[in-house]
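Subject: Structure handover

Hello,

Here is the structure you were expecting. Please open it alongside this note.

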Amino acid sequence: MSEALVMGAVAYDPKVVTIWDGFQRWFAEHDFAFDYVLYSNYERLVEAHFHGDVDLAWNSPLAWLQAERIADRAGRRAEAIAMRNTDCDLTSVIVARSDSGIESAADLRGKTVAVGAADSPQGTLIPLGHLAEAGLEPDSDFTVRRFDVLLGKHGDHVGGERDAAKALVRGEVDAACMIDFNHYFFGKEGTLPSGSTRILAQTGEYDHCNFTVLDDAPADSIQRFRELLLSMSYDDPQVRPLLDLEGLKQWEPGRTEKYALLAQAIDRFGTIDEFVARVAESAK
Amino acid sequence: MIVVDLRDLGLDRGGHLLVKRALGRSAAGDAVAVRGSAPGLAVDLKAWCRSQGHEVEADDGGWKVRRSATADGRWRRAEATGDPSAVVDDAPAHWGLAARGATVEAGAPAFDFPLHTRDAIWADEAAALYAQAAAAQWDPATAIPWQTPIDLPDEVEDAIVQILTYLIENETAALVVPARFAAQVHPHFREVMQLLAIQAADEARHIEVFTRRALLRRSRLALSTVGGQASLKTLVDEADFALASFLLSVLGEGSFLNLLRFLHEHAPDPVTQAVMRLTAQDEARHVAFGIAHLTRHVEADPGFLTRLASAVERRHDALAETAGLNEEVFDALVLLAAGAWQPEAIERGWDAVQTLQRAMEDGRRQRLVRIGFAADAAAALSALHTRNFM
Ligand SMILES: [Fe+2]
Ligand SMILES: [Fe+2]
């Protein structure tokens with residue numbers, strides 16, 4: 001038990017237990033001792049990671065930036081070793097009702113824009129950053145209405161974006177922000193009735209979650225973990241239901257260049273500065 | 001290259017079906033050209049492709065979608081659940097609830113259906129018996145002349161209500177037993193599962209019509225004895241399908257067939273008469289299935305006869321200290337056949353019930369012989385059958 005590689009993740013949904021229990025079994029059958037610890041929020045996970053409580057972390061993009069910046073300040077090094085194929089090259093969109101007369105992002109001046117949870121990269125930070133870049137400062141040039149479902153989970157729970165979309169349909173707000181897949185998905189499930197909305201703006205591309213390791217991680221086991229992870233095949237009936245639950249077809253090598261948009265947004269809004277400073281102090 | 005023109009159809013209104021169809025006709029790695037003018041198509045197409053693992057790139061005012069190699073993964077190791085028109089010897093747990101002749105994805109959960117072998121449950125007659133049962137379903141509301149006035153002497157009416165009270169608890173056992181086993185049969189053997197289900201439905205109807213007839217002229221039902229329920233409990237408690245089916249259908253329902261025909265013959269009113277005729281018709285099917293699959297079972301494994309015999313002996317021993325048939329029921333049968341209180345009439349009734357019991361005995365012996373018992377063994381076993389009839 002003691003030599004198992006321990007991963008930390010956030011319990012944003014009960015299915016998380018099914019997923020990691022399943023992966024644990026799969027790793028065990030491949031002679032690899034793997035265990036996991038669940039945290040209720042990403043800040044707790046990032047902090048625990050720097051305290052050495054876990055060997056690697058399944059991080060949201062915001063948690064990745066928190067880890068990267070804390071590492072920088074504390075003279076440590078963070079690395080993204082793997083990610084889901086479905087987490088690459090995402091975009092978010094800003095949507096208005098088609099009958100609202102709002103034709104472009106510029107028309108949002110003086111209006112109300114619904115976003116997801118305050119710490120959601122896709123539902124809030126990146127789209128608000130996009131509007132700010134376009135010259136519309138949130139909370140001064142337009143009103144921001146936040147749908148804070150499960151704060152600390154960095155928007156992993158779809159509820160905030162869905163509530164924002166529903167508020168748009170009900171006419172309570174003038175626009176709503178959501179990840180591109182949710183635009184498709186909300187259309188499919190009927191939350192956004194077909195033809196009732198129009199896309200005002202689409203953000204640039206960004207990446208989502210990754211497996212993060214710090215410089216003191218056990219290199220051999222991390223190496224083996226990564227090899228096994230990348231070898232998981234959607235053809236394998238044992239692992240396929242877990243990949244379906246976790247929403248991917250294939251694990252890919254990690255990359256970090258596409259966190260730039262989020263980095264830009266949080267620099268502008270100062271979203272994680274205080275947290276980074278505090279944890280960096282204790283991580284030195 | 002296949003070209004799909006969605007025109008103004010978006011992915012929010014089913015456009016993905018056309019893209020999927022085109023991808024399905026192309027080899028993995030091959031590109032499909034997608035065109036379309038729906039607002040939001042660029043966003044939705046990219047998001048949908050990402051979730052499916054397909055690659056997408058903008059191309060000449062439209063998009064080029066490359067089919068993912070994982071697209072076929074789900075069905076690569078899929079398995080056929082046999083032939084729709086033939087059953088296998090042993091149905092695997094992971095075929096689960098899938099239809100016979102379907103294709104199941106590998107990795108499906110294993111279901112616990114204890115009755116999964118052909119030898120344990122199958123009878124070639126199951127499909128025909130099920131079809132017959134489905135065709136012979138009758139509507140209690142219209143099949144029975146409930147409106148016919150009934151005016152029987154009090155004692156005759158009481159006798160009828162006592163007999164019906166007894167019948168209802170027996171029918172309840174006859175519902176509970178197949179209902180429980182229906183849920184244990186591997187759905188691969190769907191004709192057996194269906195037959196057990198419709199058998200349970202038959203019994204539900206029997207309980208209904210017996211109850212309704214009993215309450216036509218009375219506000220309460222009659223007596224239920226320890227001996228009667230103890231006898232039925234040994235049936236309900238029998239955990240083995242073949243043994244339960246043997247005790248219930250071949251011996252119990254077989255005897256009931258004689259009883260229902262007797263009641264039909266001696267019914268003092270048209271409602272009771274119709275009720276007995278219709279229920280007997282259903283019982284004949286229940287008996288036929290029990291005989292069919294047990295005959296098959298014995299053919300496959302002659303040693304099985306020993307187990308059947310010892311089940312009867314065990315049940316006899318378990319019931320040795322109980323009273324057997326409710327005396328009230330026995331007397332009610334005599335009175336019904338007598339039709340009057342004159343000593344000659346009672347004697348006639350008594351004789352009729354003796355004849356009924358001999359008919360039951362003969363019937364049981366014949367059915368035991370049908371299954372494969374030698375004549376003397378059949379006679380000995382029949383004599384050990386519960387005095388409660390069922
Ligand atoms: Fe019945
Ligand atoms: Fe029956």
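Below is what turned up, taken in order: cores, pockets, then one leucine.

Please keep in mind that this is a predicted model.

Cores

Start with chain B. The largest nonpolar core has 96 residues. Leu167(B), Phe246(B), Leu259(B) and Leu308(B) have the most contacts inside it. The top contributor is helix H10 of chain B, residues 241-266, which supplies 15 residues to this core. In soluble globular proteins, nonpolar side chains tend to be buried together.

Leu308(B) is worth a look on screen. Setting aside neighbours within four places in sequence, Leu308(B) is in contact with Ala242(B), Leu243(B) and Phe246(B), among others.

A separate core of 38 residues lies apart from the largest one. Among its members are Val10(A), Leu45(A), Ile70(A) and Val279(A).

Pockets

The largest pocket holds about 1200 Å³ of space. Its lining has 43 residues. Nearest the centre are Lys15(A), Phe181(A), Asn182(A), Glu246(A) and Gly247(A). Which elements give two or more residues to this lining? From chain A, they are strand E1 (5-10) and helices H1 (15-29), H6 (180-189) and H8 (240-246). From chain B, they are helices H1 (16-24) and H2 (41-52). By class, the lining has 20 nonpolar, 10 polar and 13 charged residues.

The second largest pocket has a volume of about 460 Å³. It is lined by 20 residues. Asn85(A), Gly53(B), His54(B), Glu55(B) and Val56(B) lie nearest its centre. Two elements of chain B, H2 and strand E3 (55-59), each give two or more residues to the lining. H2(B) has the largest share, with 3 residues. Here the classes are 4 nonpolar, 7 polar and 9 charged.

Leu18(B)

This residue sits in helix H1 of chain B. Leaving out residues up to four places away in sequence, Leu18(B) touches Val4(B), Leu6(B) and Leu9(B). The C-alpha atoms of Leu18(B) and Asp5(B) are separated by 8.6 Å, and the two residues are 13 apart along the chain.

Best wishes

Technical notes. Residues are numbered from 1 along each chain as its sequence is written. Chains are lettered from A and ligands numbered from 1 in the order in which they are written. This is a predicted model: local features need pLDDT of at least 70, side-chain atom pairs count only at pLDDT 80 or more; totals for chains, interfaces and linings use all residues. Side-chain values use heavy atoms; hydrogens and water are left out. A nonpolar core is a set of buried Ala, Val, Leu, Ile, Met, Phe, Trp, Tyr and Cys residues joined through side-chain atoms within 4.5 Å. Buried means under 20% relative accessible area, exposed over 50%, partly exposed in between (1.4 Å probe, protein chains only). Helices (H or I, at least four residues) and strands (E, at least two) are DSSP runs, numbered from the N terminus. Contact means heavy atoms within 4.5 Å. On a 1 Å grid over the protein atoms alone, a cavity is a set of points where a 1.4 Å probe fits but cannot get out, and a pocket is an open set with protein on both sides within 12 Å along at least five of seven lines; lining residues have an atom within 4 Å of a point. Grid points are joined across faces, edges and corners, and a volume is the space filled by probe spheres set on the points. Ala, Val, Leu, Ile, Met, Phe, Trp, Tyr, Cys and Pro count as nonpolar, Asp, Glu, Lys and Arg as charged, and the others, Gly among them, as polar.
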